[in-house]
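Here is a short briefing on a structure with more than one part. Keep the model open while you read.

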Amino acid sequence: MDARLAGISFHLPDRVVTNEQLQAENPDWDMARIESKTGIKLRHIAAEQETASDLAFLAAQKLLDGMQADRSGIDCLMLCTQSPDYFLPTTACLLQDRLGLPTRCAAFDFNQGCSGYVYGLYLAKALVSAGMAANVLLLTAETYSKFIHPRDRSVRVLFGDGASASLIHAGSGGARIGNCRLGTDGKGFRNLIVPAGAARLPCTSETKRESADENGCVRTEENLYMDGQELFAFTLARIPALVRDTLAETGLTIDDVDWFVFHQANAFMNEHLRARMRIPKEKAPLCMQEVGNTVSSTIPITLHRNASRVSPGQKVLLVGFGVGYSWGACLLDWNPLVLA
Amino acid sequence: MNEKQLIELFAEAVEIEPALLALESKISDFPEWTSLAWLTIMSLVDERLNVQLTAKEIRGCTTVQDIVNCVAAKVASVPLS
């Protein structure tokens with residue numbers, strides 16, 4: 001049985017932080033140069049009391065209302081997040097209730113970052129094509145801003161908060177989910193991490209101590225840390241091969257694919273990756289100028305913003321990569337879907 | 001690609017005059033040589049020489065000569081002097 005992506009929506013929090021604001025707050029940051037490299041002008045940031053589940057709820061409402069979906073028919077809810085409301089229970093349980101989904105609906109969180117949307121499609125395809133679920137609601141939601149130290153330039157300029165909602169079903173409408181390929185290299189786990197706060201390193205007065213690194217970026221062990229050079233090296237080493245192998249399994253080459261939707265890390269990295277794989281610029285849309293890097297939501301947001309340009313029958317390759325290290329690619333055979 | 005061209009590539013990445021860079025130049029003498037500049041070097045040597053530098057290798061470099069050595073160790077077409 002085919003699994004199809006029937007609809008997508010996304011939601012961004014109202015509050016916006018512009019490069020001008022960051023410049024005023026941090027006179028020592030070269031925001032003009034950072035903007036020219038990252039391609040990011042502003043990012044949306046959740047309010048103090050606003051969590052990932054609040055953002056996911058609004059994205060899901062928009063999708064279910066826009067599709068006029070029968071909520072009683074949703075039999076699986078999965079939420080991809082690394083900033084859950086609680087250690088336990090799983091945030092998806094709260095969302096099942098808040099969204100008015102039936103009590104016979106399965107609900108769980110899965111913890112992935114930039115590869116998360118591809119993971120969600122992979123899982124949803126497996127459940128639907130095995131006949132285990134008929135309508136899967138896949139949510140991605142992240143509020144990395146809550147982990148970020150305001151004086152850590154290396155991550156504050158990049159990440160934005162946001163959420164997406166997608167419906168994957170066994171019905172006839174929407175883009176068919178084709179070949180999926182995932183990969184993992186846990187050796188890179190320290191290079192994008194919030195070191196303290198869970199069981200390995202509980203919060204203490206020591207983990208709250210601020211220190212500046214050699215680039216002048218300030219953080220504590222309870223904050224998000226990213227080694228940009230390591231992440232860049234990882235991406236160059238893994239992603240061209242991932243794209244090649246995912247396509248080769250279905251007898252395709254890069255030239256056979258009409259659209260490439262890459263995780264939107266930053267413009268510099270995405271453009272380098274694209275050029276390295278000799279993918280024409282017009283086939284790989286960038287969508288980060290006014291959202292930043294929203295982690296697991298970048299792929300559905302980019303897909304949503306560009307879907308009207310995709311024609312029926314075209315092939316779309318989704319490619320996610322990052323924290324873990326974790327990566328994945330997924331091929332879609334395009335058919336129009338609901339953009340809510 | 002020879003050493004001179006490699007130095008020109010580094011100068012292009014760091015956005016400084018190539019004449020200002022020599023093999024013995026210390027990276028820390030150039031305020032322009034930021035972490036972003038390093039990413040540009042990584043991307044240019046990948047694009048033009050198919051050489052992937054690791055973050056660990058980069059951290060071990062204090063002079064231009066050190067980076068030349070790192071690149072040369074990975075590509076046969078860069079003669080050492």
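**Strands of chain A**

A:Arg176 has A:Asp333, in strand 15 of chain A, as its bridge partner. This is a predicted model: local features need pLDDT of at least 70, side-chain atom pairs count only at pLDDT 80 or more, and totals for chains, interfaces and linings use all residues. Residues are numbered from 1 along each chain as its sequence is written, while chains are lettered from A and ligands numbered from 1 in the order in which they are written.

**How the strands pair**

- Helices (H or I, at least four residues) and strands (E, at least two) are DSSP runs, numbered from the N terminus.
- Two strands pair if DSSP finds at least two bridges between them.
- Strand 8 of chain A and strand 15 (residues 326-333) of chain A run antiparallel, joined by 7 bridges.
- Strand 8 (residues 175-184) of chain A is also joined to strand 1 (residues 4-11) of chain A by 2 bridges, again antiparallel.
- A:Leu5 has A:Ala175, in strand 8 of chain A, as its bridge partner.

**A glycine in a loop**

- A:Gly188 sits in the loop between strand 8 and strand 9 (192-193) of chain A.
- Is A:Gly188 buried or exposed? A:Gly188 is buried, because 20 other C-beta atoms lie within 10 Å.
- The cut-offs are 20 or more such atoms within 10 Å for buried, 12 or fewer for exposed, and in between for partly exposed, with C-beta atoms placed from the backbone.
- A:Gly188 and A:Tyr325 are 137 residues apart along the chain, yet their C-alpha atoms are separated by 5.4 Å.
- Leaving out residues up to four places away in sequence, A:Gly188 touches A:Glu230, A:Phe234, A:Gly324 and A:Tyr325.
- Contact means that two C-beta atoms, placed from the backbone, lie within 7 Å.

**Chain B**

- Chain B has 4 helices and 0 strands.
- Its C-alpha atoms fill a box of roughly 30 × 25 × 20 Å along the principal axes.
- Of the 81 residues in chain B, 25% are buried.
- Among contacts in chain B with a separation of 6 or more, 54% join residues 24 or more positions apart.

**Where the chains meet**

- In chain B, 13 residues are in contact with 14 residues of chain A.
- Helix 2 (35-49) and helix 3 (55-59) of chain B each supply at least two residues of the side that touches chain A.
- Helix 2 of chain B gives the most to that side, with 8 residues.
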